[in-house]
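Hi,

Here is the model I promised to pass on. Have a look at it first, and then read my notes below.

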Amino acid sequence: MIFELPPLPYQLNALEPYISEQTMSYHYGKHHQAYIDNLNKLIKNTKFENMPMEEIIIKTAGKSEFSGVFNNAAQSWNHTFFWNTMKPNGGGEPTGELKKKIDRDFGSYDKFKAEFINAAVSQFGSGWAWLAEDKDNGKLVIIKTANGDNPIAHGLIPIIGLDVWEHAYYLDYQNRRADYINNYLNHLVKWN
Ligand code: MN
C-alpha cells in the first residue's frame with residue numbers, strides 16, 4: 001500500500017490568526033508529507049507493506065527494531081487526526097454525550113481544560129497531549145506522549161490530540177507554548 005498525504009479539511013490560511021498559513025504550509029506540506037514519504041520507503045517489501053496504518057502502529061509499538069516504522073506511521077496518523085480536530089471558528093465546550101462524560105470524569109469542563117493544558121505544557125520536548133477514552137471501561141483520560149507515540153498504541157481511543165512539537169507553534173508563538181494550547185482549546189478545537 002502506498003500511503004498518500006490526505007487533503008486538509010480547510011484552506012492553509014483558515015486557522016489564522018491562531019495558526020498562520022506559513023506554519024500550516026510547513027507543518028502539513030513538509031513535515032506531514034515527510035512522515036508519509038518515510039513510511040512508504042520503510043515498509044516497501046516488508047510485512048507491513050499491505051497493512052492499514054493503525055495496524056502498523058499497533059504491531060510496531062514498543063519494538064525497538066521497528067522504531068523507524070512506528071515513528072513515521074504514528075506521526076502520519078497523528079497529523080491527519082490533529083488536522084481533523086480543528087476548524088475555523090471552533091473552540092469552547094463540547095455538547096451532548098461528550099460534555100456529560102467530561103463532567104463525569106473530570107468534574108467540569110474547566111477542570112478538564114486545566115488538566116489538558118497542564119499535560120500539554122509539561123510534555124518535555126517533542127510530543128502530544130490527548131483526550132482519549134479507555135476501551136475497557138469507557139472512562140475519559142488525559143495523557144501526554146513523547147515524539148510520535150499515541151493513544152492507539154496503548155489501547156485507547158483518541159478524542160482530540162494536540163501537537164506540541166516546536167514545529168507546530170514556533171513560527172507563530174516562539175517559546176509561548178501555553179498561548180498556543182489556549183488558542184487551540186478556545187478558538188480551534190472541533191469536537192466530533
Ligand atoms: Mn507536527
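This is a predicted model: local features need pLDDT of at least 70, side-chain atom pairs count only at pLDDT 80 or more; totals for chains, interfaces and linings use all residues.

Residues are numbered from 1 along each chain as its sequence is written, and side-chain values use heavy atoms, with hydrogens and water left out.

The metal site: the manganese ion is held by His27 (NE2), His79 (NE2), Asp163 (OD) and His167 (NE2), at 1.9 to 2.1 Å. Donors here are N, O and S atoms within 2.8 Å of the metal (3.2 Å for Na, K and Ca), and since water is not among the atoms, sites may look incomplete. Along the chain, the donor spacing reads H-x51-H-x83-D-x3-H. His27 sits in helix H1 (residues 21-43) and His79 in helix H3 (residues 67-83), so this pair ties together parts that are 52 residues apart in sequence. Helices (H or I, at least four residues) and strands (E, at least two) are DSSP runs, numbered from the N terminus. Both His27 and His79 are buried, meaning under 20% relative accessible area, with exposed being over 50% and partly exposed in between (1.4 Å probe, protein chains only).

Next, helix H6 (residues 166-173): its buried residues are Ala168, Tyr169 and Tyr173. They span an arc of only 55 degrees around the axis, which puts them on the same side of H6; the arc is taken from the directions from the helix axis to the C-beta atoms. Among what covers them are H1, strand E3 (156-163) and helix H7 (177-188).

Ala129 has Lys144 in E2 as its bridge partner. There are 5 residues between the strands, and Gly138 takes a positive phi near 75 degrees.

Asp105, in helix H4 (residues 96-106), touches Gly138, Lys139 and Leu140, leaving aside residues up to four places away in sequence; contact means heavy atoms within 4.5 Å. At 17% relative accessibility, Asp105 counts as buried.

Finally, the chain is divided into domain 1 (21-83) and domain 2 (96-188), with bounds from an automatic or database domain assignment. Their centres, taken over C-alpha atoms, are 20 Å apart, and 18 residues of domain 1 are in contact with 21 residues of domain 2.

Cheers

How values were computed
Two strands pair if DSSP finds at least two bridges between them.
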